[in-house]
Amino acid sequence: MGEFWLENRVMLQRWRFRLRREPLTWLSTLSQPVLWLLLFGHLLARMAAGDVPGHNYLAFMSAGAMVMTVFNGAINGGVELLFDRETGFLQRLLAAPIQRLSIVTSRFVYIMAVTAVQNLLIILTAYGLGVRFSTGLGGIVAALGIGALYGAGVATLSIALAFAVRRHPEFFTITAFLSLPLLFLSTALAPLDLMPGWMQVLARSNPMTYAIEATRALVLNGWDTQLVFSMVGILLAFDAVALAVAARVLRRGLA
């Protein structure tokens, strides 16, 4: 077990050093969700304020911005492993005396850490704009946990996709095709009861909706534990399905 943790720490250092060598990348990674909240939130703030729970669109949208940030980071998280496959570096790692699982888990932990930092920046930005978590500091911690729980499933599927496709253009085509529909078929930008009936049906089958609604309850409503726990249960089921799919793909990809 000690060797496994050491391997993960070394692999995490690799991702961190790569990010340090690309200052524009990490600057964009950290600032993009904040700009999204500032620009898009202010654009619709007056128009939509009366139609959303809490009558404060920035507060309403903050939860959507947090979960969308997790999604964007997690859905593209597997592409670096795909680049390793294309360059042949992954084969060198597979030939090294390390546990193959650490190649995947280190990338997974890195993705979760980066999205947590992004969400903290969103929370600080929202706080500067007057948005307050009804549940206080405990709610902020819970919201980060919900984001990690949702991101775990998405990142797992992204890593599996990196081993299922042959080249990165296919990866980006699939993720780009999925991202926009999943955003609009969730409650990130509008409440469920304002959607057409067919969109409501699809939004209820979208795990992103449950992550957003659980987070939004912490922002707007206080500790609605029954609601939060029921949605956490749905996210756990999503993670279990994602893990089952990924396990099957990774058995072939890391063979």
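Reader: Where is Trp223 placed?

Author: Trp223 sits in the loop between helix 10 and helix 11. Helices here are DSSP runs of H or I with at least four residues, strands are runs of E with at least two, and both are numbered from the N terminus. This is a predicted model, in which local features need pLDDT of at least 70 and side-chain atom pairs count only at pLDDT 80 or more, while totals for chains, interfaces and linings use all residues. Residues are numbered from 1 along each chain as its sequence is written, and side-chain values use heavy atoms, with hydrogens and water left out.

Reader: What makes a residue count as a contact of Trp223?

Author: Contact means heavy atoms within 4.5 Å. Not counting residues up to four places away in sequence, Trp223 touches Thr135, Gly138, Gly139, Ala142 and Leu218. The C-alpha atom of Trp223 is also 9.8 Å from that of Gly136, a residue 87 positions apart along the chain.

Reader: Helix 3 and helix 8 come next. How do you know which orientation they have to each other?

Author: Two packed helices are described by the angle between their axes and the distance between the axes. The axes are lines fitted to C-alpha atoms, for helices over the stretch in contact, and the angles run from 0 to 180 degrees between N-to-C directions. For helix 3 (residues 57–75) and helix 8 (residues 168–184), the axes come within 11 Å and cross at roughly 165°. Angles under 35 degrees count as roughly parallel, over 145 as roughly antiparallel, 65 to 115 as roughly perpendicular and the rest as oblique. Helix 3 and helix 8 are therefore roughly antiparallel.

Reader: Which residues make that contact, and how do they divide by class?

Author: Helix 3 brings Met68, Phe71 and Ile75, and helix 8 brings Phe171, Thr175, Ser179, Leu182 and Leu183. They divide into six nonpolar, two polar and no charged residues. The classes put Ala, Val, Leu, Ile, Met, Phe, Trp, Tyr, Cys and Pro with the nonpolar, Asp, Glu, Lys and Arg with the charged, and the others, Gly among them, with the polar.

Reader: Which residues of helix 3 and helix 10 meet?

Author: Ala59, Phe60, Ala63, Gly64, Met66, Val67, Met68 and Phe71 in helix 3 meet Met208, Ala211, Ile212, Thr215, Arg216, Val219 and Leu220 in helix 10. This contact has 12 nonpolar, two polar and one charged residues.

Reader: What makes Phe171 and Phe172 an edge-to-face pair?

Author: A pair of aromatic rings is described by the distance of the centres and the angle of the planes. Rings of Phe, Tyr and Trp (its six-membered ring) pair if their centres lie within 6.5 Å; planes under 30 degrees apart count as stacked, over 60 as edge-to-face and the rest as tilted. By this rule there are two aromatic pairs. One of them, Phe171 and Phe172, has 5.8 Å centre to centre and 90° between the planes, and is edge-to-face.

Reader: How do you know whether Gln200 and Val228 are buried or exposed?

Author: Gln200, in helix 9 (residues 197–204), has 17% relative accessibility and so counts as buried. Val228, in helix 11 (residues 225–253), is buried at 11%. Leaving aside neighbours within four places in sequence, Val228 is in contact with Ile146, Ala214 and Leu218.

Reader: And why is Ala240 called partly exposed?

Author: Ala240, also placed in helix 11, has 45% relative accessibility, and therefore counts as partly exposed.

Notes
Buried means under 20% relative accessible area, exposed over 50%, partly exposed in between (1.4 Å probe, protein chains only).
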